[in-house]
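Thanks for asking me to look at this one with you. Here is my short note on the charged side chains, for you to read beside the model.

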Amino acid sequence: MSLHRHFCRTSKLSKIPWKYKQFAIAQVQKSVTDYLHATRCIPYAFADQISKNSNNALMNLITKLSAFSPPHYPHNLNKFLRYNPINEFEFFFESIGIHPSKFPSLFPQNKFFFSEDETLLDTACVLSEYGFPWDKLGVLYEESGWVFNWGASELKDRLCGFKGYGFCNVQVVGICLAFPFVFDGQKGAEVEALFCDLRLLFGKFGLAECVEEKGNGVDDWVGLCRKIRLFYDLNGGKNIGELIGGINGVGVGVVVEHGEEELVQAIEYFCRFGAKKEDVARLILNGPELLELVLNMGKVNVLKLLKHFGMSSNDVNIVKRDYAHVLGTVKLCNLPNVMRALGLHEWFFEKMKDGNHSLLVSFVANNRKVDRVKGYPSFLKAIEVSKTPIHNMSKLNFLHGIGFGENALTMYIFSYMHGTSDELQKRFDCLLHLGIEFSKLCKMITVHPKILSQNPESLEQKINFLCQEMGQSLEILVTFPSFLCFDLENRIKPRYKFHLWLMEKGLSSKRYSIASMVATSNRNLVSRAFKIHPAAPKHWFEQFYP
């Protein structure tokens, strides 16, 4: 967003007439530049960079001025700055690309002027003169802040050392902004290996040629190196040259031809299958066609896909019998959670990796037309004409997002879903966090959908009581999920304590199941207690009944 548009959308500047807003912005930028250069003795080029890239600080300065008067505005600005010095670090940190919300933890304590810091501005100037974009220096400051404590000569020596690997200035800039840790002297061996791998990629595997064809600018190199960093991190910081360039140069094409955002989406997508990060890296680099599939987000039929991936007829029948909630059509973007709901995510990824990515590619290519389950289109139509179509559709998308397909069971479960999609997701995530497996949790929802009507705090308290006080495992919830819907204080605890009392007094040697303890009606509970001992019901009502 341009500075003018940024200011014009700010209600704080409403006192300035619309036709003068651009004039006011230009004047405040000029005044700050002049102030930093003439009054604070900062070289003009850097003073200009600071004023041009500090939108919020400039806005705050404008709001401090009194009523706006076009003829006197430049004079008023200069007068204000003469008697009200600005916090130079506020302008500086914003200008190098650091968000104002992070300022409190970054500001030097009890300092207001650059002259109070021996190295900060000097370091920024050296980096800028070398070729680093001023508004990207914040990347270095946030990840390798100690660099700004170095002297100019030490920093120049380090940059010269990087060039010694055979890189030009613009390449060094791209590498440093993507891998700020290269300035860390304690990572000598790691940095050495990285530079050797990058030299191999830029030279032997032709990445430098590709960038030069696109313009060979700083942004081109920063963009390329940031994409390499994605795979570097996935592979644990090892052998990035071999990883990207090793398979007939296919990986080089992936890095050059696809944008960073596309690669991030693909990485996040395939990591959702629960695969190792290094395996995800190899899959994407060896199967560029998969990137198009993820971006296009088509639809697939679950049973047909499983058969295509080699699942036996017997196993397919088990899926039909035990996992009806995932059947039907699903969006490709939901496929990872569909496989998790089946407990087959690792199996599915193993089938794709090691060159078998064509399995998914060929299936989607040959099954572009996907028929929906009978009755599902009319179900969607009913949502569209309901009183709250957006709310209802978001709940349905939540169900599809956790692996439920377009089928009759999903339509049935949808009717028992209470709360917004965000609330449902928080409850679902809470149960996962407490240790329930993804596939088992989905089956629990099919048995008793109302478990997702409980708030996260209540769910956590009940599960903690079940495991810590009652000594039960989470497995019991798979067969008795409605346990989570009973009141902890007025139902679960009193009945469990009554059961313990019967056991301790030797009145009953039989251990009742959790379901029998909790789900039984009050009438049947009293009847059972009377059969155990005629005085037991009296004790229940006097000591335990809430």
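The points below go through the salt bridges one by one.

1. A word on the basis: this is a predicted model, in which local features need pLDDT of at least 70 and side-chain atom pairs count only at pLDDT 80 or more, while totals for chains, interfaces and linings use all residues. Residues are numbered from 1 along each chain as its sequence is written, and side-chain values use heavy atoms, with hydrogens and water left out.

2. Searching the whole structure gives 17 salt bridges (a side-chain nitrogen of Lys or Arg within 4 Å of a carboxyl oxygen of Asp or Glu).

3. Lys30 and Asp34 form one of them, at 3.0 Å from N to O. Both residues sit in helix H2 (residues 21-39), four residues apart, about one turn of the helix (helices being DSSP runs of H or I, at least four residues, numbered from the N terminus). Lys30 is partly exposed because its relative accessibility is 49% (partly exposed lies between buried, under 20% relative accessible area, and exposed, over 50%, with a 1.4 Å probe and protein chains only). Asp34, at 29%, is also partly exposed.

4. In helix H25 (residues 376-384), Glu384 and Lys381 are three residues apart. Their closest N and O atoms are 4.0 Å apart in a salt bridge.

5. Do look at Lys440 and Glu475, whose side chains meet at 2.6 Å, N to O. This pair links distant parts of the chain, 35 residues apart: Lys440 belongs to helix H29 (residues 438-447) and Glu475 to helix H31 (residues 475-479).

6. Finally, a network of salt bridges links Asp279, Glu350 and Lys353.

Terms used
Helices (H or I, at least four residues) and strands (E, at least two) are DSSP runs, numbered from the N terminus.
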